[in-house]
Amino acid sequence: MTTPGSLAPVARGAAPLAEVVRGDLVESVHLGHLVVTGPDGAVRLALGDPTTTIWPRSSVKPLQALAMLRAGLDLPDRLLALAAASHSGAPEHLAGVREILAGAGLDESALRNTPDLPLGRAEALAWQEAGHGPERIAQNCSGKHAGMLATCVAAGWDTATYLDVDHPLQRAVRDAVVEVTGDADPHVTVDGCGAPLFSTTVLGLARAFGRLASAGSAGAEGSDDGGRIARAMSRYPEMVAGRGREDTLVMTAVPGAIAKIGADGVCAAGLPDGSAVAFKILDGGDRARPAVLAAAMRAAGAAGLAGADAAALDAVGVTPVLGGGAPVGAVRPAFGADVA
């Protein structure tokens, strides 16, 4: 709670993360909090205050999937990636959701997420042209919700109440978030899809992604649950988001990397050596996120990893500013690749 003239806690100490350049002037500036951590979790680059508490939104989905695996969920990598996804609503995504549900003896009627159109523009248009409106299966979190339901079936828990904050599944999610972020006593609310949402700090979110990504590289077929999630995401990046989406593009450009965007300007990514990035853009918009993500991954050393496509990584961050339909500027990061 704030009073007129005061700054909300999330705004205190925020720093410029991206500039919007039109012609020869900076037109707008996006503020926020960003951190790059090394393989040991130590801070290598900090902009703003990385200890700021945030709602991680859909960036938390890999941690929710970790709780599902620990509770007995068993899915092939392609579908496990979908359980950690904010998918675009392409046919392969919707087919995968139905496959998860069918494997648990359920159908779409068991889903309790918010009905919506597909997240992808082309996918939403195709969906509507086929005569559909907002539906639960089309909403971008339906893979997560299908995974939650399948987890409940595997664990013998009630499926009708799986979104209750005191349900055994959601208690397991809270425990997993606290463990891998190191952020104790999280705040709790309800996310846009209807699932409980637990707070993290920007720094805790980065460290969690570093731990998952390094576990994924520890062994080709290791049994660690965090490693299973990381390998699933990096092997099937198109299932985590979709064609043209920045987290899918980053994971395609950098082998072994994991990346997950969230609503309201949140993003986190991890590299196989355990380095990671996380940030929160204060205005909550999407415009600055690709440029900030690409630059942060550069700062974390992603472009220098074996097999990485540096040009493809840089391309993720290209967001032109248009004038009369032609580029007259760009959204550019307000920081370079240097680390402390």
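**A walk through the predicted model**

Helices here are DSSP runs of H or I with at least four residues, strands are runs of E with at least two, and both are numbered from the N terminus. Before going further, note that this is a predicted model, in which local features need pLDDT of at least 70, side-chain atom pairs count only at pLDDT 80 or more, and totals for chains, interfaces and linings use all residues. Residues are numbered from 1 along each chain as its sequence is written, and side-chain values use heavy atoms, with hydrogens and water left out.

Is glutamate 246 buried or exposed? With a relative accessible area of 11%, glutamate 246 is buried; the word means under 20% relative accessible area, while exposed means over 50% and partly exposed lies in between (1.4 Å probe, protein chains only). Its side chain makes a polar contact with the side chain of arginine 289, at 2.7 Å. A polar contact is a pair of N or O atoms within 3.5 Å; within protein, one must be able to donate a hydrogen and the other to accept it, and residues adjacent in sequence count only if both atoms are side-chain atoms. Leaving aside neighbours within four places in sequence, glutamate 246 is also in contact (heavy atoms within 4.5 Å) with residues including Ile261, Pro290, Leu293 and Val316.

Now for the nonpolar core. In soluble globular proteins, nonpolar side chains tend to be buried together. Here the largest nonpolar core has 102 residues, and Met297 and Phe335 are among those with the most contacts inside it. Such a core is a set of buried Ala, Val, Leu, Ile, Met, Phe, Trp, Tyr and Cys residues joined through side-chain atoms within 4.5 Å. Beyond its neighbours within four places in sequence, methionine 297 is in contact with residues including Val250, Leu271 and Leu313.

Most residues other than glycine have a negative phi. Aspartate 185, however, has a positive phi near 50°. Aspartate 185 sits in the loop between α6 (168–181) and β5 (188–190), and is exposed, with a relative accessible area of 66%. Aspartate 264 also has a positive phi, near 60°. You can find aspartate 264 in the loop between β8 (258–262) and β9 (266–270), where it counts as partly exposed at 37% relative accessibility.
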